[in-house]
Protein chains: 2
Amino acid sequence: MTATDFRFHVEARDGAARVGNIRTGRGVIRTPAFMPVGTAATVKAVPPEAVRKAGADILLGNTYHLMLRPGAERVAGLGGLHKFMNWPHPILTDSGGFQVMSLASLRKITEEGVAFRSHHDGSAHAMSPERSIEIQRLLDSDIAMQLDECVALPASREETARAMQLSLRWARRSKAAFEASAPPPGRALFGIVQGGTEQDLRQESAQGLIEIGFPGYALGGLAVGEPQAVMFEVIAATTPHLPQERPRYLMGVGKPADIVGAVARGIDMFDCVIPTRSGRNGQAFTRQGAVNIRNAKYADEPRPLDDKCRCPACRDYSAAYIHHLVRSSEILGATLMTAHNLTYYQDLMAGLRTAIRRGQLAAFVADFETGAADY
Amino acid sequence: MTATDFRFHVEARDGAARVGNIRTGRGVIRTPAFMPVGTAATVKAVPPEAVRKAGADILLGNTYHLMLRPGAERVAGLGGLHKFMNWPHPILTDSGGFQVMSLASLRKITEEGVAFRSHHDGSAHAMSPERSIEIQRLLDSDIAMQLDECVALPASREETARAMQLSLRWARRSKAAFEASAPPPGRALFGIVQGGTEQDLRQESAQGLIEIGFPGYALGGLAVGEPQAVMFEVIAATTPHLPQERPRYLMGVGKPADIVGAVARGIDMFDCVIPTRSGRNGQAFTRQGAVNIRNAKYADEPRPLDDKCRCPACRDYSAAYIHHLVRSSEILGATLMTAHNLTYYQDLMAGLRTAIRRGQLAAFVADFETGAADY
């Protein structure tokens, strides 16, 4: 690993979609990229070797969870998050803001930041843009995110605008704190576009962030219950207002079809718990769609979950065996299902990258919808 | 894998202890051997590759669990237990009798066999010596066990004698059924010595089994609550009455100190859920004794669980990380703890084999008790 400046290179375009790579101090991220979620310093149910073998170049760590347990200062004392969890490749950390809003109790938001109580033990904590950056530096993440405010939906235009404006002011403070923290080369802080489903607010947010200046821009506050078509509209209306030469990250998305549609609209990075959480619950993603492995029809199925899949679950086991493990609540069932879904997601990203490079994304999207896509 | 006759070769002796190997149709088992327990066609929480890397030559499958779920005929239809669970190495299956006695409800024992109801769904089932052998053949195990009756302790001498005599009659029927099943070369059926803590009954049981003739002999009905000293006495009083040229298997044992003491008294094979179950519960076995990784003193411990251990948990992670995973109920914690404990057990067996080969078992046992043994 050589320290390097953080940079994004677009290799090819197809319509609004781009294929490229992000160079970081800890390695290259091929885009469009899917980042598995390692909430509590582990991608649930699988060892990091399996995440890597699935094809992931980067994973996401949750600042909120890690600050509460085991604690950011503790992780720093043990050599940082990469060493702690044995993942030497890039890590993106969120700001913690989204989980504070969705998990913590007794939240109180002020201009300064947000006070809250832990969902574990009720202990009191405070998060400001500066503290979020400090925690992310203690974790030693490669890509940090600004603290923002995600309003709960439905929200009035007034409330959405207020939160977007607050997020812009927090973006400026986050950048100042990040620069003051003297990050090593090859690290980056991304700004987050807010504004709900109000296209003019999204544009105002993007413009404000660009004035501050970030090496990457995220779209926050989407996939929070709105229809897919609305999400696609917001993406399509926002990405043209973001710099072509900066990566765009759609936070918390999504299902395979969400990712395919967002890539076609110019998104470069994704994270989501769906492949891991669904896997633990018995849902497997396959080239023919999502299936529930608990279904009795798999009890005697000698073929793998997906005969085009290269993952350990499909390489070494019948669907009947996975069915048995999941029905028996065996841990290995969660492990194999997770490895499968992560591999599926990474193979989908690789298929998208190849299609964009060949200028055949439209055909890929059409074939994806009928289960005929080659990836 | 070449089919071969089943045979046991003693390479060296040290007092009552022996080091050797068992050749089966699916590979060689180094003895003294520890067999991890793969109850429901999986060694809980770890993939089979991890069991193999830990050093296991053979694992145990539970007939009772497998006959109920997924079902022996189903496993046979899918190519047998080895293919089903992706473990191409030897598998020993128990008869199912012990779990029927300990898990099933509404048990009724007759000369013919035992009728019971499933602990899953209350469905009615019957197990006879012949059906147990049939199930074990459907699973395609390498070493099958006769059906026996384990009396619940405490039991009268009369009750113990009755169960032992019934087990002898079942041994004869088991052997006849096994031979009638035309097993492929390299498979074996073991008889089981019963008789509780009554040494004369144990000797009578051993003599009766030898008259029937088996390629291996197990000691059943031990480690069921009696003090370790009593178990050791029964072992020491029984092994001299078993053939030197046949492997001896102490069923369901045990803690590391139990295994060390039993090896010194002439036992060649062991199985136990302790390393796997304890691992999932946060107990790690180390060369300095068992430790509870949940203990707060590990929260900031940068060293591994056991710095002499070669397992993935000790090679790649701090004790602090394992502590964090286990306290957070993360699946990876169970996986790493299990891999560690299985590796510890296999390294202990390797240490015992080396000590016997060198004629230094007494010194090894003394060093083991002070935590100074080299293995």
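Cys309(A) sits in the loop between β16 (289-292) and α12 of chain A, where helices (H or I, at least four residues) and strands (E, at least two) are DSSP runs, numbered from the N terminus. At 9% relative accessibility, Cys309(A) counts as buried; buried means under 20% relative accessible area, exposed over 50%, and partly exposed in between (1.4 Å probe, protein chains only). Leaving aside neighbours within four places in sequence, Cys309(A) is in contact with Arg287(A), Cys314(A), His340(A) and Thr343(A), contact being heavy atoms within 4.5 Å.

The model you are looking at is predicted: local features need pLDDT of at least 70, side-chain atom pairs count only at pLDDT 80 or more, and totals for chains, interfaces and linings use all residues. Residues are numbered from 1 along each chain as its sequence is written, chains are lettered from A and ligands numbered from 1 in the order in which they are written, and side-chain values use heavy atoms, with hydrogens and water left out.

## An annotated site

Which residues of chain A does UniProt list under "binding site"? The unreviewed entry gives Cys309(A), Cys311(A), Cys314(A) and His340(A). They span 32 residues in sequence, yet no two of their C-alpha atoms are more than 7.9 Å apart, so they gather at one spot. UniProt positions are given here in the numbering of this structure, feature names are shortened, and annotations may be inferred rather than shown by experiment.

Cys314(A) belongs to helix α12 of chain A and is buried, with a relative accessible area of 8%. Beyond its neighbours within four places in sequence, Cys314(A) is in contact with Pro304(A), Leu305(A), Asp306(A), Cys309(A) and His340(A).

## Where the chains meet

Now for the two chains together. In all, 36 residues of chain A are in contact with 36 residues of chain B. The area buried between them is about 2,800 Å², of which carbon and sulfur atoms give 56%; buried area is the accessible area (1.4 Å probe) that two parts lose on being put together, summed over both.

Four salt bridges cross the interface of chain A and chain B, a salt bridge being a side-chain nitrogen of Lys or Arg within 4 Å of a carboxyl oxygen of Asp or Glu. Arg74(A) forms a salt bridge with Asp300(B), with the closest N and O atoms 2.8 Å apart. On the side of chain A that touches chain B, α1 (48-54), α4 (81-85), α12 (312-316), α13 (319-327) and α14 (331-357) each supply at least two residues. Of that side, α13(A) gives the most, with five residues.

## Salt bridges within chain A

Over all chains, the structure holds 51 salt bridges. In one of them, Arg26(A) pairs with Asp140(A), the closest N and O atoms being 2.7 Å apart. Arg26(A) lies in the loop between β2 (17-24) and β3 (27-31), and Asp140(A) in the loop between α6 (129-139) and β10 (143-145), so the pair ties together parts of chain A that are 114 residues apart in sequence. Arg26(A) is buried at 15% relative accessible area, and Asp140(A) is buried at 17%.

Arg173(A) forms a salt bridge with Glu112(A) at 3.4 Å between the closest N and O atoms, and Arg173(A) also meets Glu130(A) in a salt bridge (2.9 Å, N to O). Glu130(A) is in helix α6 and Arg173(A) in helix α7 of chain A, 43 residues apart.

## A covered helix in chain B

Helix α10 (residues 256-264) of chain B is mostly covered, with seven of its nine residues buried. Among them are Pro256(B), Ile259(B) and Val263(B). Just after α10(B), Gly266(B) takes a positive phi of about 100 degrees.
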